[in-house]
Amino acid sequence: MSTTNNAVLLVARILLSFIFILSGFGKLTDPSATAGMITGAGLPAATALAYLAGLFELVTGLAVLVGFQTKIVGWALALFCIFTGAVFHSGTVAVPGWPDAALGWINALNSIMMMKNFTLAGAYILLATVGAGAYSLDARRGATSAVAA
């Protein structure tokens, strides 16, 4: 793989890692909003699941950033994005007492969040397929990319 392609993969990994590093840290420091979404979806143990999600997001985000176990982490994040998009961002949102105009805006935003999750899933599948590139811990430890130069 060319130096340019390896540099582009590094930039892509950095950009793809931010959302999960920041989101995971946020969930670990204040899980209440995520726990509320989990409760709203009808899942049990909302606070514990929020902390687990935060830990998962932080660890996998850091793994993407440094390019460690990229194929495994890429698939795990793709599945996570599809699951969370389908469970938490599909359908309509109803907040008792909110004006219809605000609900319309929230539902539009929720739809965008679902599309964002599915799009990210595609990016993580691509990363899992191509690998982390030369500027990664995977390359340092001798893991090979799935796609040759």
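A salt bridge is a side-chain nitrogen of Lys or Arg within 4 Å of a carboxyl oxygen of Asp or Glu. The legends below describe close-up views of a predicted model.

**View 1. Arg141 and Asp138 are joined by a salt bridge.** The side chains of these two residues meet at 3.2 Å, taken from N to O. Arg141 is partly exposed, with a relative accessible area of 43%. Asp138, at 8% relative accessibility, counts as buried. Searching the whole structure gives 2 salt bridges.

**View 2. A salt bridge links Glu57 and Lys27.** The N to O distance between the two side chains is 3.1 Å. Glu57 belongs to helix H3 and Lys27 to helix H1, so the pair ties together parts that lie 30 residues apart in sequence. Both Glu57 and Lys27 are buried. Side chains of opposite charge can pair when their charged atoms come close.

**View 3. Helix H4 spans residues 70-88.** The helix comprises 19 residues, and the distance from its first C-alpha to its last is 26 Å, close to the 27 Å expected at 1.5 Å a residue. Its buried residues are Thr70, Val73, Gly74, Leu77, Ala78, Phe80, Cys81, Thr84, Gly85 and Phe88. Seen down the axis of H4, these buried residues fall within an arc of 165°, so they line one face of the helix. The face turned away from the buried side of H4 carries Ile72 and Leu79, which are exposed.

**View 4. The buried residues of H4 pack against other helices.** Their partners are helix H1 (3-29), helix H2 (32-40), helix H3 (46-66), helix H5 (100-130) and helix H6 (137-140).

**View 5. A nonpolar patch lies on the surface.** The patch is formed by Leu43, Leu49, Leu52, Phe83 and Val87, which together have about 400 Å² of accessible area. H3 and H4 are the elements that give two or more residues to this nonpolar patch. One of the patch residues, Leu49, is found in helix H3. Leu49 is partly exposed, and its relative accessible area is 30%.

View 6. Met1 lies in the segment before H1. Met1 is partly exposed, with a relative accessible area of 33%.

Definitions and conventions
Residues are numbered from 1 along each chain as its sequence is written. This is a predicted model: local features need pLDDT of at least 70, side-chain atom pairs count only at pLDDT 80 or more; totals for chains, interfaces and linings use all residues. Side-chain values use heavy atoms; hydrogens and water are left out. Helices (H or I, at least four residues) and strands (E, at least two) are DSSP runs, numbered from the N terminus. The expected span of a helix is 1.5 Å times one less than its number of residues. Buried means under 20% relative accessible area, exposed over 50%, partly exposed in between (1.4 Å probe, protein chains only). The arc is that of the directions from the helix axis to the C-beta atoms. Contact means heavy atoms within 4.5 Å. Patches are made of residues with over 30% relative accessible area and no salt bridge: like charges are joined within 9 Å, nonpolar side chains (Val, Leu, Ile, Met, Phe, Trp, Tyr) within 5 Å. Accessible areas come from the Shrake-Rupley method with a 1.4 Å probe; for residues, only the protein chains shown count as cover.
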